[in-house]
Amino acid sequence: MDLSANPDSPLSGGGGSSSIGSNSISSSLSVGSGGAPQSPSRYEAQKRRDWNTFGQYLRNHRPPLSLAQCSGAHVLEFLRYLDQFGKTKVHAAACPFFGHPSPPAPCPCPLRQAWGSLDALVGRLRAAYEENGGSPESNPFAARAVRLYLREVREHQARARGVSYEKKKRKKPQQQLTVGDSSGGFRGNHHHQPPPGPPSASC
């Protein structure tokens, strides 16, 4: 999710560098063992764009905010602000298509950021904060309010869109046991020997 793709958005400075730790997060190409520059991974490139986007959001905030002043409440403001650039239809409770995964017709319900996109974004920004010198204990992206907000968004969008975000549990493969051996002790061609009979009586 490229959050700086909209040129009319105040977050459109994704190409410019941010004053908040922009030199710490893959701001230059990494150099391999042979000395040749290597392009950053897709994840690292997206993380850098997201970090620059958030930095510009802080600068455009009224009043402007520094990273040290940023709290979980400011992160929630940022996430709600991004909803205006969302592309996921989230039906209102009064909409006839509420809970319908494939609506047969258009409706005036608003577009929002999908829960999966927000969850991934928060994960990248949480890592970027600590890579830029932030303390894990004071990480605003790890705040309880942010976790609760993401949970509420997931549950609401699941109901409104008629989809499930629950992870499917993998079935464990059943182990086949050798016939006549419930404990796995007898394997291969080993045969069970009958117990010896009683000794014969002496004359």
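A residue counts as buried under 20% relative accessible area, as exposed over 50%, and as partly exposed in between. That scale is needed at several stops of this tour, which runs through a predicted model.

**Whole chain.** Begin with the protein coloured by secondary structure. It contains 4 helices and 4 strands, arranged along the sequence as β-β-α-α-β-β-α-α. Of the 203 residues, 34% are buried. Among contacts with a separation of 6 or more, 64% join residues 24 or more positions apart.

**The nonpolar core.** Select Trp51, Phe54, Leu58, Phe78, Leu79, Leu125 and Phe141, the residues with the most contacts inside the largest nonpolar core, which has 25 residues. Two or more residues of this core come from each of α1 (42–60), α2 (72–82), α3 (115–131) and α4 (144–161). The largest share, 7 residues, is supplied by α3.

**Phenylalanine 141.** Centre the view on this residue next. Leaving aside residues up to four places away in sequence, Phe141 touches Trp51, Phe54, Val75, Val122, Leu125, Arg126, Tyr129 and Val146.

How do the two partners stand in terms of relative accessible area? Tyr81 has a value of 19% and is therefore buried, whereas Phe85 has a value of 21% and is therefore partly exposed. The two labels differ because the limit for buried is under 20%.

**α1 against α3.** Show these two helices alone. Two packed helices are described by the angle between their axes and the distance between the axes. For α1 and α3 the angle is about 80° and the axes are 9 Å apart, so α1 is roughly perpendicular to α3. On the α1 side, select Tyr43, Gln46, Lys47, Asp50, Trp51 and Phe54; on the α3 side, select Leu121, Gly123, Arg124, Leu125, Ala127, Ala128, Tyr129 and Glu131. By class, this contact has 8 nonpolar, 2 polar and 4 charged residues.

**α2 against α4.** Turn now to the other helix pair of the tour. The axes of α2 and α4 come within 8 Å and cross at roughly 30°; the two helices are therefore roughly parallel to each other. From α2, the contact uses Gly72, Val75, Leu76, Leu79 and Arg80, and from α4 it uses Ala145, Val146 and Tyr149. These residues divide into 6 nonpolar, 1 polar and 1 charged.

**The loop between α1 and α2.** Select Pro63, which is found in this loop. Most peptide bonds are trans. The bond from Arg62 to Pro63, however, is cis, with omega near -5°.

**The loop between α3 and α4.** Finish at Ala143, which lies in this loop. With a relative accessible area of 22%, Ala143 is partly exposed. Which distance separates the C-alpha atoms of Ala143 and Ala73? Draw a distance between those two atoms: the separation is 8.9 Å, although the residues are 70 residues apart along the chain.

Conventions
Residues numbered from 1 in each chain as written. Predicted model: local features only at pLDDT ≥ 70, side-chain atom pairs only at ≥ 80, totals over all residues. Heavy atoms only, no water. Core = buried A, V, L, I, M, F, W, Y, C linked by side-chain atoms within 4.5 Å. Buried < 20%, exposed > 50% of the residue type's maximum accessible area, 1.4 Å probe, protein only. Contact = heavy atoms within 4.5 Å. Axes fitted to C-alpha atoms, helices over the stretch in contact; angles between N-to-C directions. Parallel < 35°, antiparallel > 145°, perpendicular 65-115°, else oblique. Nonpolar A, V, L, I, M, F, W, Y, C, P; charged D, E, K, R; others polar.
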